[in-house]
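Student: I have a structure to read. Can you show me how?

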Amino acid sequence: MLTILFDGVAYGMLLFVLACGLTITLGLMNFINLAHGAFAMAGGYITVVLMNRYGVSFYWCLPIAFLVVAAIGLVLERTLYSRLYSAPHLDQVLFSVGLVFMSIAAVDYFMGGQQQLIHLPRELSGRWEVFGVGIGKYRLFIIVICALLAVALQLALTKTRFGSQLRAAVDDGRVARGLGINVPVVFALTFAFGSGLAGLGGALGAEILGLDPNFPLKFMIYFLIVVTVGGTSSITGPFLAALLLGIADVAGKYYVPQIGAFVIYAVMVLVLILRPHGLFSREGTR
Amino acid sequence: MSSASETLMSSTAGKPETTAMALLRRRNSWRAYEIVLWLIAFAMIFAMPSKALILTEITIVALFAVSLDLILGYAGIVSLGHTAFFGLGAYAAGLFAKHYFAEPVTGLLVAGIASGVLGFVTSFLVLRGSDLTRLMTTLGIGLMLAELANQMAWLTGGADGLSGVIIGPILGQFEFDLWGRTGYIYSLVTLFILTWAARRLVNSPFGLSLKAIKTNPVRASMVAIPSRHRIVAVYTIAAVYAGIAGALLTQTTSFVSPDVLAFHRSADVLLVLVLGGVGYLYGGIIGAILFTLLRDWLSVITPQYWMFWIGFVLIVIVMIGRENLARWHTFLPEPLRRAMTRIANWRPGAKIGGSR
Amino acid sequence: MFTRRAIIAALSAGVAMATLPAGPSFAQDVFKVGLILPMTGPFASTGRQVEAGARAYIAQHGDTVAGKKIELVVRDDAGTADQTRRIAQELVVNEGAGALAGFGLTPLALAVGPVATQAKVPAIVMAAATSSITEQSEFYVRSSGTLPQSAVPVATWALENDIKKVVTLVSDYGPGIDAETWFTREFTGKGGEIVEAVRVPLQNPDFAPFLQRVRDASPDAVFVFLPSGVGSLFMKQFAERGLADAGIKLIATGDVTDDDILNDMGQPALGAITGHFYAAAHDSPENKAYVEAFKAANKGMRPNFMSVGGYDGMHLIYAAIEATKGDTGGEALLEAMKGLSWTSPRGPISIDPETRDIVQNVYMREVKEVDGELQNVEFATYEAVKDPVKAAAASGN
């Protein structure tokens, strides 16, 4: 069924946008940031507030969500995260879990615990039937945006000067600094960018995944799955992994609903047993 | 370089027997702080009978954290799915009591064995890969087990939980009471025995070899430590401990709900352990005391927003730095500090002031 | 190493001080109600509604009844059963609570059973909806409702309105399976056909595959039970996938069109048919007063069916204390609660003296726009519905 494939791709793309910021912090900067979902949630809530209280158009909300969350990310990076780059992983876990707890309670306090809903513009709702394949307009919109993003990211990382600087800073911070690269600034910008992507993902996903204060905890697991299965050494890895998981999840639930919930976990454990560093990692199996 | 591998080095040079064995013996002897801790814990039975329930909860969380410490602190395996063993033990104890035999001590053993088997089987999955891989593999196993418990409603009661579990008197003698006093004594004795056993274990050559593997796996294998076997063994033992902790929860609450397998329990126990300190067994116990009391206190003050303050405390702890917190006594006046060191280091049968 | 020992020494002292008994007051004229609810975690909105409902009752009726001052002690169990049980035990033993109440989910309610039985304290179920709860202890009384109670009338209505082929779609946990079982039983028993039964995992972000299954089965209608927050997501995706255009009707229990968030659902919710025991739009003077008081106290939040469970649960306690003339013994209160009947904001209700479960009207409602807001507008009533599960057991079916 092509409809199922289409839905799976859309779902996978959404997972990718949400998780690719995490790939950057985790894979490139080696920081276990479990609070990634909190940034995505921030993006979602910004969209909800702007649309429902101030009547801002959905299309404007997306870039605003990106920018505001990126700014939040920048501030947090400068004040808190940057002190922990060299800390043990356990400290990073402890810190980011603390951040998740605080964000959950704060959102509950300001927005209430109920599900938040947005109204898509009319032209994005509904679907087309093309040769018997049902294509949801909003899902198509997501696929297009995410595909563009993935390409842009890959290019930015491999072809631009900033991309090379970042990779240099990650590979060997000391040498990079010796070559005149301002490592802290590179890291801060990268972190802000990753957070911004999460915010964008949250804004895009509010319609499909829902939005309530428990968002960061509920979806943290999915982000981590995408990143571990994809491997953390490139953007293409998580991209393909997100697609694979999206399709496997949707198809699994459609064809074998009895065990639908297991599919995504089973795929992950299987991949990790066979290739402990992820499906598409440079190191390969060791 | 850690003292563990140094010891192993020196034991291959010179007088192997005496150096290594003396170190182990010294480590194995009881310290004053441990004795005081246990005395207080047992005194609580009489001092605060009205708090027996929260004390029981602390005890169970402590045992669970000790179990995690065995693999995290001694074998260096980060796990986010440790609750799989806790939950399996809880269900095993519940089902065993419901269908076969209501005596709790037997139930503990059954639960321990069940979790141990699962631990043994899954231990082969954590032998390879990086921290992140292990984190996710354990997490995946935990989540699948949780889903399984939900699906197998005919056995586990599904999302409604397993009710109708009636626990008989302990060893046919002591009934569980509403005030939770029996439950506390029972859990505390179990915790004491198991901590004592774990203490013996980590202060044995086996425990030292684990620390060596954690510090430097390559070097460990060079001095002929079979690291795979050791990790499998300690993972299995930790699973047994977690299973027993789960069984205690079932037996003191006479109810099992699927949230014994929920992800947040794995995360909580990790927080508890990190809070108390990794790698010396008592970290789990202290973390459990701190975390449970803090959470209980906050959630009474602000039932809806206590998570905010827990998060705040966690961030503050990380920002100040765990090492700095552990060094707080250096800010005390000199004489007081010296006195405290002496008292804390005192061991029965040793000269006062003898530090290692 | 020795630093840790120093910490332990300090800690041990700290623990000793922190856990000192707070000296609970056992004043004769105070009656404490221990309200245990999920105030954090995925079911926090349940807790918030129930608490607000209970507080609304106290605000309306004063905090004194038959010479007793009623005091609410609210605790969060974060949706974890062993916490619920410990808190219940502590409230009874240390705080001297005379009644326990709340319980957002079935396992949370079940965990309290042994405590209530052993301490002989009434436990008032204000939200949890699995039928079997009240059978686990003599001391449970329910002020919310059971799922079969809502699901069976929906099935009856569907058959009366030319719906013959139905796909059921429920959350894959206790209440969902309850709803599925009892809907199916009633529906097939009277000649309807269930084409397919779909169960959705509780932790499920995307409904696409399940909705596609429903669409491919092309039934007359899909019967849905999902917990309230998730339900709203479902509604949107239902509309997006064009199921309504394909001629598939949506019939559901009232959880899906929860009044708390119904208004935010917008267009997709219009026309959904649900059966439930309470709608904020219910037309009665009692309800008008309730909705107004509730909104004023909660920044305009609309009361939903859970809040009314909290409200009526408090009424049970008040009425029982009044009936016993201030005797607050657990067994006396329980006897007084059995058979009570009164007019609640949701309509006439009573407590079945045999099963201690609630007997209430179930209304069929359609989502319509009223004065610029989306409301569940009632159009048919099934009067005095008992819990079908226990009714069936009693009649030997």
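Tutor: We will take a helix, a residue and an interface in turn. This is a predicted model, where local features need pLDDT of at least 70, side-chain atom pairs count only at pLDDT 80 or more, and totals for chains, interfaces and linings use all residues. Residues are numbered from 1 along each chain as its sequence is written, with chains lettered from A and ligands numbered from 1 in the order in which they are written.

Student: How many residues does helix α7 of chain B have, and how far does it reach?

Tutor: Helices (H or I, at least four residues) and strands (E, at least two) are DSSP runs, numbered from the N terminus. The expected span of a helix is 1.5 Å times one less than its number of residues. Helix α7 of chain B, residues 131-151, has 21 residues and reaches 30 Å from first C-alpha to last, close to the expected 30 Å.

Student: Is A:Leu14 buried or exposed?

Tutor: Count other C-beta atoms, placed from the backbone, within 10 Å: 20 or more is buried, 12 or fewer exposed, in between partly exposed. A:Leu14 has 25 C-beta neighbours inside 10 Å, so A:Leu14 is buried. This residue lies in helix α1 (residues 2-28) of chain A.

Student: Which residues does A:Leu14 contact, leaving aside neighbours within four places in sequence?

Tutor: Contact means C-beta atoms, placed from the backbone, within 7 Å. The partners of A:Leu14 include A:Ile142, A:Cys146 and A:Leu204.

Student: How many residues of chain A are in contact with chain C?

Tutor: 27 residues of chain A contact 27 of chain C. On the chain A side, α1(A) gives the most, with four residues.

Terms used: Contact = placed C-beta atoms within 7 Å.
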